[in-house]
Amino acid sequence: MQKRSYGKILSVNLKHNFKMPIVSALGVLILTLLLFNTTALQSKEAARPIEFLLCFTGVMLLVPVFYPEQDETIRDVIRSKKIDYTVVCIVRVLYSTAAMAALTAFMVLIMKWGECDVGMDHFWSGAADAWFLGAVGFTAAGLTNNITAGYMSTVLYYLANYGLRNELGPFYLFAMSYSGSSDTAGPKILGAVILMGVTLTLCRNRK
Amino acid sequence: MLWMKECNKTVCSIIFVLYAAAVAAMYITQFVPELKDAPAKPYKGALQPGEGYGSTIKEDPAILMPAAVESLIREYLEGSYRTYPLLFYKDVRLKEEDSAGIAAVIEELTGLTKAELDRFDAYEPERYEAALHEDGEQSIVYKEAQLPAYSLRADISYERFRELMTIADEIIGGASKYSEQFLLYNFARVSMTYEEALAEYEEITDEENIAGSYSRLYCDYMGIILSIMPVFVCAGLWQMDKRSRMEELIYSRKISSLKLIITRYLSMLLCMSIPVILTFLHAMICIRNLYPEKNIHFGNAIALTMVWLIPAIMAVTGTGALISELFSPLFAIFVQGAWWYIAVQSNQNAGSITKYSLIVRHNTLGSMKLFQIQYGNFMQNRMGYLILSMIVLLCTVIIYHWHRKGAGHAKKILWKNTVRKSKA
Amino acid sequence: MNDEIRIAHVDKFYGKKQALKDVSLVIPQGMFGLLGRNGAGKTTLMKTLAALHTKKSGEISICGVPVEDTGKIREMIGYLPQDFSMYPNMSVYECLDYLGTLSGLGKEERKNSIDRLLQKVNLQEQAGDKVKSLSGGMKRRLGIAQALLHDPKVLIVDEPTAGLDPEERIRFRNLLCETAQERIVILSTHIVGDIEAACENIAVMNEGRILWRGTVEKLIAEAEGKVFTADVEKDVLMEIRKTYIVTGMLKQGRMTSVRMIAEKRPEFPGCMEAEVNCEDAYMYCLYSSGCEIEKQ
């Protein structure tokens, strides 16, 4: 019964609340393909399109998680139901993450076909960047209850990466383009989980 | 007073707080470190290996022309051209007829014909090779590229050379090393002598120029942030009306669309200028403290900063308002985000001021002459954005008025959403 | 398990502002009306009962379940907020189907429930229409349908008739009365007519406190002998408006028929005791509890 409910929540949300995020994420993918060279690149160079632009797919997919319930009356109706609103948000985060991973994998495959020196490291690195950047926006949007603030904070975080490489430590987005290793993927994924977990908990308790 | 109320609405929004924080963060992390110490006077004496007085860009045809022509011949022979559409390397390979176009340019510059170029099969690119010495030690040796013998035709004027470079760039598809944007940056860079370094130091610290030097750097950093952040403030306010279902209430008021939109727009501009003015004032006070013995003239610096930054804020806010009204505030953020990304990535730190880029960069205290060379482009660029912002503002008024009269929303018309009229 | 809501000494704050002050109430089965001015704390109390707000102190139990047990509470309650709205691009059926899923209903259960409720609220023909294309009254009926989907023991409806035309209002009230036969229905409103027509038990709220509780008859009985009418001229009318609480005025030629509240019969010619209606009784309740009432 419970499983079927999750299935229904998933299908309804995919049908009604996924169009704008997936179209904008595809827009980012297309922009990346248009703006960057994706053929015959060395490992470090190949990380650039993934880390410098494709990471915005995470923003496009994760920031709008709270968007359908920005209207307080809709939120109240949803929150008054038996299945916790947090569950709805988690379902959205999960399918958005799957879509983001698929887009990153697609990009890595295209680069592979373009004879770039890419591998799983690029996938993990790109997916972790996208997830972490998305989580930053998700947190801002959730805590301020304002989706614009969510997008804005991701741009600020992205800009901070240009000047604060050392200060950001493992959360530096362009780590693979800089060092050639995907070591920071783990901390970024963990960081994103913590950020989103804290946000969902705070939003759940906000009454 | 409506404008006071609009200002109040802007300043009290969370988005504005984030905007002010972003401006402050950019200023503190990027510009304030430049204010800690005055630049050091160049030291005269024998230079150690690896030391130097830095480099500068000098628009000297005697340096620029041979370097650019050599590069063009080399790329023709390699059959691939480096382009930097977003400062990221992109390899371009030309079709036969386009290659012939490049060969024609080379022929006009050097007299080398296409047949001669195509016959030359001894071409080798420049490279570093490992060399084994007699004593068994290995070292890395630089080998120059092997090119056919040629010389630049003496009767080619500098103006014609620039025209030919533009033609070559167009054939390659833009953003090549020969583009207006990158030509000087790539081929006119020379090492500075002690005298030149001293002259640049004196230029920066000259009473007339100090404020200008620092304000160019200030505008360089602030221009980056002010070319994106205003769209959030604008979209946030538009979104607020939608969320609080205020749109129709406002539509029904007596106020004219022109007055309402212009008041909103000017209020946003005023509010968004406050953090900029405050950081600029702080910068000017710091500069005065950095050079206590100088009588600094701030007038030109203030004018330059206004000309540099106000068109950026106006254009971004205006475009944000137009797209928010025409489609949706979120769409305005996406469009501006893409525009900003392209602008921020397609500019060199200095020396690549074009007529069209939203962001103007000059990331150095010195190189005043380089800025002067590009001053025409700079003024055309900023005036262009000023005019653009006026046009989009006018369009916003018209669209708003159109919506107010009950015309359908553009996105609904364009995307043919299946809207059924309320049966109420 | 008992079939009532027990609220004991509940306090609730928004920052420094106290929205509920020592609220105690027992709500039995049937229609219960919560009457009060705008900003009296009705919505806050309703949201607290629906486990959408937390209280600072006090106790609330719904049919024996403490309100802190949000999982169980949400199974038991149906909630219709003021200004109900839903995802605008969903159809009426899709919307109910989704909300039914969130209420933990199975596929078959949802289908039966939705068909039954659409018929009950007379929205069968609009089942395929988008939510954004519904009129205000239809939206409100969709709201009550979504709140009843999981057959809750308690139905909480906040200002459901505000902004509806008289015909829709009557239809909506009747719908609520039908619903109340087998459950607790709490109706908050500032429209006295709704309470009079639909509720047996009521509570009057003001500034976060419960001022009065009991039946509508009792409220009316308390105001008996305190409501008067008179036909007066313009200058006398000015005097009356300064001195008494005026609940109604009807201009008839040179004279105005005025209805007022007073502890004892006002001493001017033609003044008679009037039959008390619910609106008079409500105004008298506010007046006798010492609430500030602006004299017109």
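Predicted model: local features only at pLDDT ≥ 70, side-chain atom pairs only at ≥ 80, totals over all residues.

Student: Which residues do ring pairs link into a cluster?

Tutor: Ring pairs link Phe52(A), Phe56(A), Tyr158(A), Tyr162(A), Tyr172(A), Phe174(A), Tyr178(A) and Tyr341(B). Rings of Phe, Tyr and Trp (its six-membered ring) pair if their centres lie within 6.5 Å. Planes under 30 degrees apart count as stacked, over 60 as edge-to-face and the rest as tilted.

Student: How many aromatic pairs over all chains?

Tutor: The whole structure holds 33 aromatic pairs. Take Phe52(A) and Phe174(A): their ring centres are 4.1 Å apart and their planes at 10°, so this pair is stacked.

Student: Where do Phe52(A) and Phe174(A) lie?

Tutor: Phe52(A) is in helix α3 (residues 43-54) of chain A, and Phe174(A) is in the loop between α9 (165-168) and α10 (175-179) of chain A. The pair therefore ties together parts 122 residues apart in sequence. Helices (H or I, at least four residues) and strands (E, at least two) are DSSP runs, numbered from the N terminus.

Student: Is Phe52(A) buried or exposed?

Tutor: Buried, with a relative accessible area of 7%. Phe174(A) is buried too, at 3%. Buried means under 20% relative accessible area, exposed over 50%, partly exposed in between (1.4 Å probe, protein chains only).

Student: What else lies in helix α9 of chain B?

Tutor: Ser215(B) does; the helix covers residues 210-226. Ser215(B) is buried, with a relative accessible area of 0%. Leaving aside neighbours within four places in sequence, Ser215(B) is in contact (heavy atoms within 4.5 Å) with Phe280(B), Ala301(B), Leu304(B) and Thr305(B).

Student: And chain B overall?

Tutor: Chain B has 17 helices and six strands. Of its 424 residues, 48% count as buried.

Student: Switching topic. How many residues of chain C are in contact with chain A?

Tutor: 35 residues of chain C, against 25 of chain A. The two chains bury about 2,700 Å² between them, 59% of it on carbon and sulfur atoms. Arg74(C), Tyr87(C) and Leu102(C) supply 24% of the area that chain C buries there, more than any other three residues. Buried area is the accessible area (1.4 Å probe) that two parts lose on being put together, summed over both.

Student: How many salt bridges between chain C and chain A?

Tutor: Five. A salt bridge is a side-chain nitrogen of Lys or Arg within 4 Å of a carboxyl oxygen of Asp or Glu. One joins Asp76(A) and Lys47(C), with the closest N and O atoms 2.7 Å apart.

Notes. Residues numbered from 1 in each chain as written. Chains lettered and ligands numbered in written order. Heavy atoms only, no water.
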